[in-house]
Amino acid sequence: MAIQFENFSYAYPNSGIVLDDITLTIPRGSFSVITGPSSAGKTSLALAIAGVVPHYFGGRQAGTVRVGNVVTAQSNMGELAEQVGTVLADYESQLVALTVAEEVAFGLETSGLNRSQIAELVSQALAMVGLTGLEEREVAALSGGQKQRLAIAAVLVTEPEILVLDEPASALDPEGAAGIYELLYNLNCQGKTIVVVEHQLERVLPYASQVMVLQAGCLKFAGSLKQTLAFMWQQPDLKLGVPPLWAVKLTLEEQTGLVFEGWKTAEQAASELNKLLPTCEEGVAKSA
């Protein structure tokens with residue numbers, strides 16, 4: 001079930017264009033990342049996949065967005081929600097129930113499942129995001145990070161084929177962020193299509209299969225992680241978005257002429273550098 005944007009443009013009511021002539025394919029089963037500077041249109045692109053743009057916000061659009069064979073503008077948000085689970089950047093606005101368990105169960109109310117089945121699914125979803133034991137906790141009493149985890153659990157429990165998450169770790173500490181992205185990657189390995197908006201690309205280095213760069217509402221580049229980071233490195237106004245690990249990698253490649261593998265973790269980078277050090281030292285000795 002690929003996601004396709006075909007010459008898609010969009011403007012919110014009483015606003016200028018925020019997405020301009022986007023043509024893009026997000027493959028089924030990919031772990032795709034939308035990135036770019038502030039006000040680039042990242043959130044709007046994510047919302048367009050779920051049909052929130054234009055069904056909820058209104059506004060003006062041209063071109064089409066397809067989720068599988070469904071044209072989002074010709075469907076509705078309810079129908080699209082069966083295929084696309086969405087976690088908003090403003091995740092607190094998605095929380096509607098009194099308690100944690102009730103929040104996760106809310107999306108299953110029309111599923112036809114009995115109480116014990118729903119309780120089991122709620123328990124599984126909460127375990128996935130690290131909220132086991134908080135079933136009876138009032139949502140209002142949760143921390144920001146716990147609320148973000150809860151919003152993710154409430155989407156996961158319905159088992160959509162596509163997950164669209166806008167900055168899904170923004171309220172989490174580094175360990176919590178790593179845990180959420182590991183969870184999303186595991187779901188991706190099970191066949192789910194993952195689309196995340198993320199400006200801290202170091203968080204997705206181990207997982208991303210495709211990265212899309214937006215700037216001022218335009219799609220500047222889309223390709224593999226390696227291709228996209230190489231492109232960003234050559235653009236003065238995008239260079240700061242390159243993760244520190246890859247900034248080191250690309251700088252070393254420029255200065256030494258060496259070509260390194262795709263560094264997904266610091267450990268992988270250190271291992272490759274250690275293997276190359278004897279070669280480098282030998283070269284220095286010969287030239288001395």
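Helix packing and overall form

The chain has 10 helices and 10 strands, where helices (H or I, at least four residues) and strands (E, at least two) are DSSP runs numbered from the N terminus. This is a predicted model, in which local features need pLDDT of at least 70 and side-chain atom pairs count only at pLDDT 80 or more, while totals for chains, interfaces and linings use all residues. Residues are numbered from 1 along each chain as its sequence is written, and side-chain values use heavy atoms, with hydrogens and water left out.

Q: Why are α6 and α7 called roughly parallel to each other?
A: Helix α6 (residues 144-156) and helix α7 (residues 174-189) pack at an angle of about 10°, with their axes 12 Å apart; angles under 35 degrees count as roughly parallel, and α6 and α7 are therefore described in that way.

Q: Which residues in α6 and α7 meet?
A: With contact meaning heavy atoms within 4.5 Å, Arg149, Ile152 and Leu156 in α6 meet Gly176, Ile180, Leu183 and Leu187 in α7. The residues of this contact divide into 5 nonpolar, 1 polar and 1 charged, given that Leu and Ile count as nonpolar, Arg as charged and Gly as polar.

Q: What makes the radius of gyration of the chain agree with that of a compact globule?
A: The globule rule, 2.2 Å times the number of residues to the power 0.38, is set against a radius taken over C-alpha atoms; for 288 residues a compact globule would have a radius near 19 Å, and the chain has 21 Å, which agrees.

Q: How much of the chain counts as buried?
A: Of its 288 residues, 45% count as buried, that is, under 20% relative accessible area with a 1.4 Å probe and protein chains only.

Definitions and conventions. Axes fitted to C-alpha atoms, helices over the stretch in contact; angles between N-to-C directions. Parallel < 35°, antiparallel > 145°, perpendicular 65-115°, else oblique. Buried < 20%, exposed > 50% of the residue type's maximum accessible area, 1.4 Å probe, protein only.
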